[in-house]
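Open the structure in your viewer and keep the selection panel at hand. The stops below are given in the order in which to select them.

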Amino acid sequence: MSSRARRTLLSLTVFFSACGVAGMFISQKVGAQSSTDESAFRDSLKKFTDVYQVVSDNYAEPLTGDKPDDVIYDGAIPSMLHTLDPHSNFYDPKAYAKMREDQHGRYFGVGMTIQQQSNKIVVVYPSEGTPAFKAGIRPGDLIVSVDGKATDGLDTSAVADLLKGPKGTHVHLTITREGAASPLTFDLVRDDISHPSIDLKYEIKPGVLYIHITQFQETTGREFSDAIDQAGDIKGLLLDLRGNPGGLLTEAVSVCDKLLNKGQIIVSQRGRAYPEQSYRAQHGNGGHVFPVVVLVNHNTASAAEIVSGALQDHDRAIITGEITFGKGLVQTVYPLSDNTGLALTTYHYYTPSGRLIQRNYNGVSLYDYYFNHNTPQNNKDREVKLTDSGRTVYGGGGITPDDDITTPKANHFQELLAAHNVFFNFTKHYDINHTVSKDFQVDDAVMADFKQFLTAQNIAYTDQDLASVNDWLKTNIKAYLFGTQFGETQRLRLMADWDPMIAKALTYMPQAEQLEQSALKDAAAKQTARNSATQ
């Protein structure tokens, strides 16, 4: 059998496996398939095979190279799944491996985030404590070659694969750096690289802990528990879930378990093919309570919405920010052949009060579903539920915050600077002739250098442009310089200290404390009533 025929057969095998899993799920939903149903299913697969054969034999160009995979992986399977719902998804071998790596939160490599810019592979930042960070690799460095293999023409994924490898093995990098007379070489030893889901945690105000969770992976529950325990006597918690796309349900449950009372419902899964399954706090907070404010936005989704909804329904937190994404469909991942996977929707998520998290997607294009979901919803058309204390909350379209905080809209000048990646590039330029210390401040001399840099980059500006966003400019300049000198955590912390949404969310901490005290009194009253009823 020719290599082309083997490749085609493998692609078709994956397709039929995906169809089989989808068919199995559908048959479970509607009951055992009749012989007529099974015959129709086989006929449909035969029709697809016939169409594929005609395309393979007669298309204007031969289906060689990656074309057979593209037809199946990027065409047939995704199209089939998207007729079901927006979240059922297929993972080709690379995507499946990346998903598993993200879930584990660790891999073997050198520990740096890279990005393709102008057909070159650029180091965005090395993670602190990793081989790349210890060796002195900096943000803005260009990776020229890996183990002698030139990176020209390679995308980010291909270069990342070259950097990864067994623990303890060596990888040789050639790098060019702005201001360096010749290329730099690094001999790095690969190590176990952790990728925490909490990228920033610190005492943002006296007694108030700030935690930002980027996603929910296998380590999130432990990371969150450790952050709470290590903080000591907490007077308040600001939990930032903005931009969190979700992840593992079990880890969302673990985070809630650390904040709720033992036995309280966190989330329920309901599907026509399966019995309802509820998740409760197995351990509880052990009486360690403190006011909680949760900050969300339009891109807070799935597992992050489970956490927000559970804390809101149990009056455990004030939810601030913007209405969340509204992703309440549960996907079960089925491993397929050729290291591929199928994420198929099998349940719906419901909050403790019975709210459906999922937003309506009927009659909505895939593009509009993902990118045009910021329009405010009319609460009159949404289901009404009550929290434990009787507060009104709404279902059927994400989590509506208790208090709105709108994401600041960038003006034209800010968008222009972002498009040119100005702060990242200015840092490379500034570091050539300057040293940044811990007491560094963006003074007039630094701003003069910045203006000269803008002019050299042909970026037009006026004094009014600069004055209108002066604090924002100085914060970003300092943050990026600190990120290069002291690590990415320092950049994130400086940006969080400035962030107007975070500043506004912190003002709701007294309100969260009142809510917490009311919830405690209400729980005590209910317990007294139960005790009286049993006497």
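Which residue just after α15 takes a positive phi? Select Gly 487: its phi is about 115°. Keep in mind throughout that the model is predicted.

**Helix α15**

Now select residues 470–486, which make up α15. This helix has 17 residues, and from its first C-alpha to its last it reaches 24 Å, close to the 24 Å expected at 1.5 Å a residue. Colour its buried residues next: Trp 472, Leu 473, Thr 475, Asn 476, Ile 477, Lys 478, Ala 479, Leu 481, Phe 482, Gly 483 and Thr 484. To see what they pack against, show α11, α12 (422–430), α13 (444–456), α14 (463–468) and α16 (488–498).

**Gln 414 in α11**

From that set, go to α11, residues 412–419, and pick Gln 414. Is Gln 414 buried or exposed? Its relative accessible area is 13%, and the cut-off for buried is under 20%, so Gln 414 counts as buried. Leaving aside residues up to four places away in sequence, Gln 414 touches Lys 409, Val 469 and Trp 472. Trp 472 is one of the buried residues of α15 coloured above. Then draw a C-alpha to C-alpha distance from Gln 414 to Asp 465: the two are 8.8 Å apart in space and 51 residues apart in sequence.

**The α12 and α13 pair**

Hide the rest and keep α12 and α13. Their axes lie 11 Å apart, and the helices pack at an angle of about 110°. Angles of 65 to 115 degrees count as roughly perpendicular, so α12 is roughly perpendicular to α13. The crossing of α12 past α13 is right-handed. For the contact itself, show side chains on both helices: α12 contributes Val 422, Phe 423, Asn 425, Phe 426, His 429 and Tyr 430, while α13 contributes Val 446, Asp 449, Phe 450, Phe 453 and Leu 454.

**Helix α8**

Move to residues 249–257, helix α8. How many of its nine residues are buried? Seven are, and the helix is mostly covered.

**The β3 and β4 hairpin**

Finish with strand β3 (residues 112–117) and strand β4 (residues 120–126), which pair in the antiparallel sense over six bridges. Pick Gln 116 and look across to β4, where Ile 121 stands opposite. Two residues lie between the strands of this hairpin, and Ser 118 takes a positive phi near 50°.

How values were computed: Residues are numbered from 1 along each chain as its sequence is written. This is a predicted model: local features need pLDDT of at least 70, side-chain atom pairs count only at pLDDT 80 or more; totals for chains, interfaces and linings use all residues. Side-chain values use heavy atoms; hydrogens and water are left out. Two strands pair if DSSP finds at least two bridges between them. Helices (H or I, at least four residues) and strands (E, at least two) are DSSP runs, numbered from the N terminus. Buried means under 20% relative accessible area, exposed over 50%, partly exposed in between (1.4 Å probe, protein chains only). Contact means heavy atoms within 4.5 Å. The expected span of a helix is 1.5 Å times one less than its number of residues. Axes are lines fitted to C-alpha atoms, for helices over the stretch in contact, and angles run from 0 to 180 degrees between N-to-C directions. Angles under 35 degrees count as roughly parallel, over 145 as roughly antiparallel, 65 to 115 as roughly perpendicular and the rest as oblique. A crossing is left-handed if the near helix is turned anticlockwise from the far one by less than a right angle, and right-handed if clockwise.
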